[in-house]
Amino acid sequence: MRGRLSLQLMREISMNKAFGAVLVVLAAMLVVLLLVAEFVLPNYVSRLGRQLAKDLSVISGDAEATPRIPAEAVRSNEFAFVFHPVPGAETTKVAGVIGPDATGGFLVVEQTDTSFAGGDLLPLLESRGMKIPADPHGGIRQLMEIDGALIGLFGLARDNCIFAALIDLDRLEFVDEFPCMDTSQGYIGLNNMGGGYAVQDDFLLMALGTGSDVAWSAQGTTSQDPQSPYGKVLRYDIVRSGQGVTLANRRIYSSGVRNPQGFAMIDGLVLEVEHGPMGGDEINLIQEDANYGWPLYSAGSQYNQGDLNSFAPPDSSFSNPMATFVPSIAPSDISECPSLIANRYDTADCVIVSALRGQSIFIVLGDFAQERIWSVERIELGIRLREVFVHDDTLYLVPDDAQVLRTEIHALACNRDFPCGRE
Ligand SMILES: [Ca+2]
């Protein structure tokens, strides 16, 4: 009995030992798991993270020279954008960027530039009694390239007037000179002379801003004056000859624009972005004989909170914008989408809008022939952008006070037809 008891006791003790050993092993395993969780897994995760960051971060060594450029990938809903500053392609306040050429170089023309391929502009202006006014800011507002020929839209001054002119920068010759606006009649806004152009086979569409004050009433404005080329989209015939390219037969194509900033040609359609009043920045589909309303009909209000503009009821004689940005973004340019983005949204038309004040790019989708916009996605970059363009299917951005940015795009959204990570 006693022996049985002690055997039983020994069994129990042995079982307790075994149980204790199991506990020790379990505790040891737990410690190992905790150690793995504490040290190994994070390393593994961070290795993945580092790899992802490496894949999606700026590789160019020039990134530090322009610290405001996003150093890491900026994500939209379905894409990651990585920005590579282009060495040497510095910009401050550009009138236009041409390139890249075969060597990867860009021609960057600043609004203050006076020396071009054709020579120094100042003696030519002096010989005609003209100058580039410092206030309001004159100079080249838009660089246009037509079959390789470069033509600039300038804001110039003479006597008591300020006016716009087109100058061939290769031959340093005047192509067109626009009427004088009397500076004694109030503020003249050379900053409102705008820009934006589109080449369509044998003609050019070019926007010319109001140039005049941005008052709400028609008084003192030019956009609704059928005699004035200001506040209009102008059409020129492109004349090609052995001497190169020149422009002829200027006429008003459409009217009622305020301060146009850029054009994009999408499947033969011309889209324009312009600076409107506060809450009235627009995307317009540019059509012959259309009137875009300024200053009689527009969304938004004055920046000084003065008189409100008329936006209701719609006046059928004016064309509504395809979209208005509220709050204002100061759109600076508009471009076709690179194919990676365009293909992702292949049932939609696609453009990218850049913004100064908005410091963003916007992916805009819609049915443009029907003047319909379905979505506007804002991608904040935190830098003022003056131009956006696509060259060889690569998206380029032109910021203020920084280098031209080549944009690398990765698809984040994916499915069978649209694999992840395509560039
Ligand atoms: Ca308008």
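In this predicted model, Asn 259 stands opposite His 275 in strand β17. Asn 259 belongs to strand β16, residues 259-266, and seven bridges join β16 to β17 in an antiparallel pair. The two strands make a hairpin with two residues between them, and Asp 267 there takes a positive phi near 50 degrees.

Strand β17 covers residues 269-275, and six of its seven residues are buried.

In soluble globular proteins, nonpolar side chains tend to be buried together. The largest nonpolar core here has 95 residues, and those that touch the most other members are Leu 205, Phe 263, Leu 271, Val 351, Ile 352 and Val 353. This core draws at least three residues from each of domain 1 (73-92 + 329-423) and domain 2 (105-327). Leaving aside residues up to four places away in sequence, Val 353 touches Val 273, Ile 283, Pro 331, Ile 334, Ile 361, Phe 362 and Val 364.

Another sheet can now be followed strand by strand. Five strands form an open sheet with antiparallel pairing, in the order β1-β2-β26-β25-β24. β1 (74-75) and β24 (385-391) stand at the edges with a single partner strand each, so one side of each has no neighbour in the sheet.

Within this sheet, strand β2 (residues 79-91) runs antiparallel to strand β26 (residues 402-411), and nine bridges join them. Phe 81 stands opposite Ile 409 in β26. β26 also pairs with β25 in the antiparallel sense, over three bridges, and Tyr 396 stands opposite Arg 406 in β26. The hairpin of β25 and β26 has two residues between its strands, and Asp 401 in the turn has a positive phi of about 55 degrees.

Strand β25 (residues 394-399) is mostly covered, with five of its six residues buried. Six bridges link β25 to β24, again in the antiparallel sense, and Glu 387 stands opposite Val 398 in β25. These two strands form a hairpin with two residues between them, where Asp 392 in the turn has a positive phi of about 50 degrees.

Terms used: Residues numbered from 1 in each chain as written. Predicted model: local features only at pLDDT ≥ 70, side-chain atom pairs only at ≥ 80, totals over all residues. Pairing = 2+ DSSP bridges. Helix = DSSP H or I, 4+ residues; strand = E, 2+ residues; numbered from the N terminus. Buried ≥ 20, exposed ≤ 12 C-beta atoms within 10 Å, placed from the backbone. Core = buried A, V, L, I, M, F, W, Y, C linked by C-beta atoms within 7 Å. Domains from an automatic or database assignment. Contact = placed C-beta atoms within 7 Å.
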